Amino acid sequence: MEFELRRAREKLEKEQKDRKERARLKLEKERKARQEALLQRQAIEEAQRERRLIAAEAETKAKLLEEENLIAGRGIAFSRILEAIPYQGNGDKIKLPPSSFQELSEKEAFDKGPLHFSLSLIHQETSSITQNAEKGLTHAGVLEFSATEGYVELPPHCWNNLISSGDANPTLVEVRYVWLPKGTYAKLQAAEIGFSDIPNHKAVLETILRQHATLSQGDILTVNYGVLTYHLRVLDLKPSSSVSVLETDIEVDIIGPDSPKEGDQYVLKPLLLGKPEVGVVNEGSYSYYKFTVGDDSFRQISSKETKLVVNLESQTLEADIDLYVSKHPLLFPTVHQHMWSSHDVGAKALVFSSEDQNLGPGTYSVGVFGFKGMSKYQLSIELKDASKEKPGQHAVSSSLSAAAADSVECSNCKRYVPSRSIALHEAYCSRNNVVCGHAGCGIVLRIEEAKNHVHCEKCGKALHSGEIEKHLKVFHEPLSCPCGITLEKEQMVQHKSMHCPLRLVTCRFCGDMVQAGSSASDARDRIRGLTEHESLCGSRTTPCDSCGRSVMLKDMDIHQVAVHQKN
């Protein structure tokens with residue numbers, strides 16, 4: 001009996017203990033549930049508060065951006081996100097869709113003057129707008145409103161300054177209307193050496209800027225001059241970091257590269273009087289130098305006191321080089337295009353004297369061409385005293401003075417010798433000398449030298465037998481001009497300098513080096529001798545200095561004579 005009571009009590013105590021434990025666990029669970037509910041409610045409230053803050057911040061940013069757009073656009077807010085595609089064109093004029101024209105017209109943007117736009121690159125991963133002066137932000141004008149809806153067409157200048165090369169992903173650009181002040185100052189830095197060698201390089205830059213509506217700090221301008229390409233980085237602008245270059249006079253400073261590096265294009269190395277330069281040139285390649293004939297030097301040459309001599313010596317056996325010289329604006333003389341040349345085998349020398357009508361004060365270029373093999377050479381330029389003439393230069397005058405005395409003409413060499421020694425002279429002359437029988441030659445040669453004296457079958461020029469192969473290759477091998485004509489060397493040089501429509505000429509109005517093109521379409525311009533480019537370029541107007549009237553550049557000389565009686 002006592003045992004059963006103890007079992008019953010133990011069982012009751014255990015049940016009470018279990019009930020207490022379950023009650024405790026239930027209370028603990030309810031407490032945790034209340035805590036989790038509280039935390040969840042706090043998290044929801046925090047997320048809602050954060051969303052409200054983000055929305056408020058976005059609204060503030062939108063208002064600020066709208067205010068900035070209104071300020072930048074002088075009361076006109078225009079902004080679109082468009083996909084950029086390239087098109088081939090000059091300058092910085094973009095193409096927008098027709099709907100942009102309608103929107104800008106409704107906002108009377110055209111009444112504010114020229115249209116300028118900021119172009120900002122948008123990263124699609126973050127949907128953020130890039131404001132990096134190095135890449136991702138530039139400015140532009142507008143060419144026309146003919147692009148496909150949803151697209152903006154960018155010329156190479158804007159594309160290269162805005163978008164990194166090799167980016168194959170679709171590119172989104174924010175196009176925003178802005179007002180830009182007129183520029184007053186620009187500082188540019190050339191990436192390549194040699195830009196300052198271009199004759200009137202500021203006029204060339206002015207022609208390039210005429211195709212632009214804006215300039216932005218960090219932009220890179222590409223200047224093409226003939227076969228050369230130069231890149232100019234915009235370092236500084238005034239009065240702001242982005243300016244308009246339309247209808248304004250802007251002062252430009254151009255500095256050289258920080259670390260000059262010679263690229264694939266040619267560079268003019270300075271050549272000083274009396275200081276030889278040594279170099280190496282490969283077959284088929286050129287090395288270029290420049291020298292200057294000052295007023296004092298030209299005065300000495302004109303007075304026949306001195307002669308200017310350009311010497312070129314090859315220091316490598318079994319190799320051959322040629323010498324070409326031109327006067328600026330022809331910067332780089334070639335086989336096809338030059339003013340003076342020397343193709344002799346061995347040492348070359350070009351002598352410039354007062355009789356040369358093409359010689360004058362200015363800058364000249366020297367081209368060393370590798371004709372055969374890789375050659376080491378020495379190039380020099382010097383002024384030589386013209387009074388120090390070599391013995392034998394007056395051979396003709398000597399024979400004439402002898403003829404005035406008692407002299408007889410030699411039947412072999414046709415020289416006049418004293419009659420008392422004519423028999424001895426003729427006996428010696430007939431044994432040792434021979435006269436060239438080629439028509440028009442008649443040169444007297446030693447018998448051992450006669451076998452090496454030959455004449456070109458095509459032009460009749462007298463040559464050494466070792467020079468005939470090079471002569472035929474240089475002067476008589478047909479050369480093809482890019483315009484489609486085929487000529488020999490001398491005719492090609494004349495064609496390239498006077499007749500080829502693809503030849504580069506300096507425009508008398510803009511100073512740029514441009515292709516001559518065909519004849520001007522206007523008969524009056526053809527009579528004036530204007531090229532196709534000059535006919536168009538000269539149609540630009542400029543105020544007359546005397547009366548202020550707007551007159552076409554090509555008619556300014558006539559206007560000065562007819563209206564102001566000025567020569």
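This report describes the pockets, aromatic contacts, cavities and backbone features of a predicted model.

## The largest pocket

The largest pocket of this predicted model has a volume of about 1100 Å³. It is lined by 38 residues, and those closest to its centre are L330, F332, T334, H336 and Q337. Several elements each supply at least two residues of this lining, and they include strands as well as helices: strand 16 (286-293), strand 18 (320-327), strand 21 (362-372), strand 31 (504-506) and strand 32 (513-515) are among them, together with helix 9 (468-475) and helix 10 (489-499).

By residue type, the lining of the largest pocket divides into 23 nonpolar, nine polar and six charged residues.

## The second largest pocket

The second largest pocket has a volume of about 680 Å³. Of the 28 residues that line this second pocket, N90, I208, Q211, T222 and N224 are the closest to its centre. Two or more lining residues come from each of helix 3 (156-162), helix 4 (201-209), strand 10 (220-225), strand 11 (228-238) and helix 12 (532-537).

The lining of the second largest pocket divides into seven nonpolar, 15 polar and six charged residues.

## Aromatic pairs and a cluster

A pair of aromatic rings is described by the distance of the centres and the angle of the planes. In this model the count comes to 14 aromatic pairs. One of them is formed by Y286 and F369, whose rings are tilted, with 4.8 Å from centre to centre and 40 degrees between the planes. This pair links distant parts of the chain, since Y286 belongs to strand 16 and F369 to strand 21, 83 residues apart. Y286 has a relative accessibility of 15%, below the 20% under which a residue is called buried, and therefore counts as buried; F369, at 13% relative accessibility, also counts as buried. Both residues belong to one aromatic cluster, which is formed by Y286, Y288, Y324, F332 and F369.

W340 is buried, with a relative accessible area of 11%, and F352 counts as buried at 2% relative accessibility.

## Charges over rings and a polar contact

Two lysines are placed over aromatic rings, namely K95 over the face of Y87 and K473 over the ring of F371. K95 lies at 4.4 Å from the centre of the Y87 ring, while the charged end of K473 sits 5.3 Å from the centre of the F371 ring.

N311 is buried, with a relative accessible area of 16%, and a polar contact of 2.9 Å joins the side chain of N311 to the side chain of E382.

## Enclosed cavities

The structure holds three cavities of 30 Å³ or more, and about 40 Å³ of space lies in the largest cavity. The lining of this largest cavity is made by L273, F291, T292, V293, S297, I301, L308, I381 and L383. Strand 16, helix 5 (295-302) and strand 22 (375-385) each give two or more residues to that lining, and strand 16 gives the most, with three residues. The lining residues of the largest cavity divide into seven nonpolar, two polar and no charged.

## Backbone features in loops

Most residues other than glycine have a negative phi, and most peptide bonds are trans. Against this background, the peptide bond from K238 to P239 is cis, with omega near 15 degrees. P239 lies in the loop between strand 11 and strand 12 (242-244).

E318 has a positive phi of about 65 degrees although it is not a glycine. E318 is placed in the loop between strand 17 and strand 18, and at 70% relative accessibility this residue counts as exposed. K414, which is not a glycine, has a positive phi of about 65 degrees, and its place is in the loop between strand 23 (407-409) and strand 24 (416-418).

Conventions. Residues numbered from 1 in each chain as written. Predicted model: local features only at pLDDT ≥ 70, side-chain atom pairs only at ≥ 80, totals over all residues. Heavy atoms only, no water. 1 Å grid on protein atoms, 1.4 Å probe; cavity = no way out; pocket = protein on both sides within 12 Å on 5 of 7 lines; lining within 4 Å. Points joined across faces, edges and corners; volume = space filled by probe spheres on them. Helix = DSSP H or I, 4+ residues; strand = E, 2+ residues; numbered from the N terminus. Nonpolar A, V, L, I, M, F, W, Y, C, P; charged D, E, K, R; others polar. Phe/Tyr/Trp six-rings, centres within 6.5 Å; stacked < 30°, edge-to-face > 60°. Buried < 20%, exposed > 50% of the residue type's maximum accessible area, 1.4 Å probe, protein only. Lys NZ or Arg CZ within 6 Å of the ring centre and 35° of its normal. Polar contact = N/O pair within 3.5 Å; in protein donor to acceptor, adjacent residues only side chain to side chain.
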